[in-house]
Amino acid sequence: MKNERPEAGAFFARDRSIHPPAYTPGYKTSVLRSPQKALISLDGTKSEITGPVFGHNILGEFDNDLIVNYARPGEMAIGQRILVHGRVLDERGRGVDGALVEFWQANAGGRYRHKKETCLAAMDPNFGGFGRTITDENGYYWFKTIKPGAYPWPNGVNDWRPAHIHFSVFGHGFSQRLITQMYFEGDPMIWLCPIVKTIPDEQAIHQLIAPLDMKAAIPMDMRAYKFDIVLRGRRSTLFENRREGN
């Protein structure tokens with residue numbers, strides 16, 4: 001705990017011009033999902049504001065190591081081993097401590113581990129594709145994983161999703177959940193993706209791309225990628241579930 005005066009006043013305004021329009025025919029599911037009537041604002045319910053309790057203090061030993069957390073004893077997931085790290089920041093660039101960060105992804109072949117998966121890539125029995133961690137007092141987080149593969153999806157005739165990792169950042173209730181995606185520096189498929197193309201601001205796209213960070217790499221083991229998440233303000237990370245502002 002710090003004996004500092006609590007901050008008061010409004011949050012920095014968010015630049016909503018970077019957000020994709022709700023109706024983007026190139027991203028076909030938006031045709032049916034986009035609102036047909038004017039938006040209305042609803043107050044948060046009591047359950048959204050006060051719960052649920054996510055068990056921030058209940059973390060498994062390997063929750064932030066996707067290489068082994070679903071693997072059979074003595075085995076590991078298949079693929080390029082990488083370390084992903086960064087900070088969860090507020091609008092002034094200060095670290096947010098105690099944030100629950102969850103992440104999920106496809107395996108090295110581009111296949112997710114769920115019953116309705118249609119990708120023809122092989123299933124890796126030692127890779128679950130999900131983990132979580134808690135930010136430290138400086139807002140820092142890290143986890144080990146396998147670099148995910150790209151995969152086709154039924155949007156256009158030959159549309160593919162670039163390699164990416166999904167992130168969910170929780171406060172202390174559902175109303176404080178933010179969801180985004182991280183892409184990898186140097187991937188040419190980012191600029192071909194119909195979902196990415198819905199984002200009108202190129203700088204906002206670059207904020208979703210994690211640069212290679214060899215200073216944090218583990219020698220003879222894994223490369224590292226750095227991905228900072230900014231929660232509010234004009235430099236906020238683009239969150240797919242908070243397009244109206246967070």
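A polar contact is taken here as a pair of N or O atoms within 3.5 Å, where, within protein, one atom must be able to donate a hydrogen and the other to accept it, and where residues adjacent in sequence count only if both atoms are side-chain atoms. The structure is a predicted model, in which local features need pLDDT of at least 70 and side-chain atom pairs count only at pLDDT 80 or more, whereas totals for chains, interfaces and linings use all residues. Residues are numbered from 1 along each chain as its sequence is written, and side-chain values use heavy atoms, with hydrogens and water left out.

The secondary structure of the protein chain comprises 3 helices and 11 strands, where helices (H or I, at least four residues) and strands (E, at least two) are DSSP runs numbered from the N terminus. Along the sequence these elements follow the pattern α-α-β-β-β-β-β-β-β-β-α-β-β-β. Of the 246 residues of the chain, 43% count as buried, with buried meaning under 20% relative accessible area, exposed over 50%, and partly exposed in between (1.4 Å probe, protein chains only). Among the contacts (heavy atoms within 4.5 Å) in the protein chain with a separation of 6 or more, 70% are accounted for by residues 24 or more positions apart.

Asp124 is located in the loop between strand E2 (100-105) and strand E3 (130-134). Asp124 is buried yet has no salt bridge, and the nearest side chain of opposite charge, that of Arg72, is 6.6 Å away; for this assignment Lys and Arg count as positive and Asp and Glu as negative, while His and the chain ends are not counted. The side chain of Asp124 instead reaches backbone nitrogens: that of Asn126 at 2.9 Å, and that of Ile78, which lies 2.8 Å from a polar atom of the Asp124 side chain. Not counting residues up to four places away in sequence, Asp124 touches Ala77, Ile78, Asn107 and Arg113.

Side chains of opposite charge can pair when their charged atoms come close. A search of the whole structure finds 5 salt bridges, each defined as a side-chain nitrogen of Lys or Arg within 4 Å of a carboxyl oxygen of Asp or Glu. One of them joins Asp221 and Arg81 (2.7 Å, N to O), and this pair links distant parts of the chain, with Asp221 in the loop between strand E9 (209-210) and E10 and Arg81 in strand E1 (residues 81-89), 140 residues apart. Asp221 is partly exposed, with a relative accessible area of 32%, and Arg81 is partly exposed at 27%. In the salt bridge between Asp90 and Arg94 (3.3 Å, N to O), Asp90 is buried, with a relative accessible area of 15%, whereas Arg94 is partly exposed at 45%.

The structure also holds 9 aromatic pairs, for which rings of Phe, Tyr and Trp (its six-membered ring) must have centres within 6.5 Å, planes under 30 degrees apart counting as stacked, over 60 as edge-to-face and the rest as tilted. Phe184 and Tyr225 form an edge-to-face pair, with 4.9 Å centre to centre and 90° between the planes. Phe184 lies in strand E8 (residues 178-184) and Tyr225 in strand E10 (residues 223-226), so the pair ties together parts that are 41 residues apart in sequence. Both Phe184 and Tyr225 are buried.
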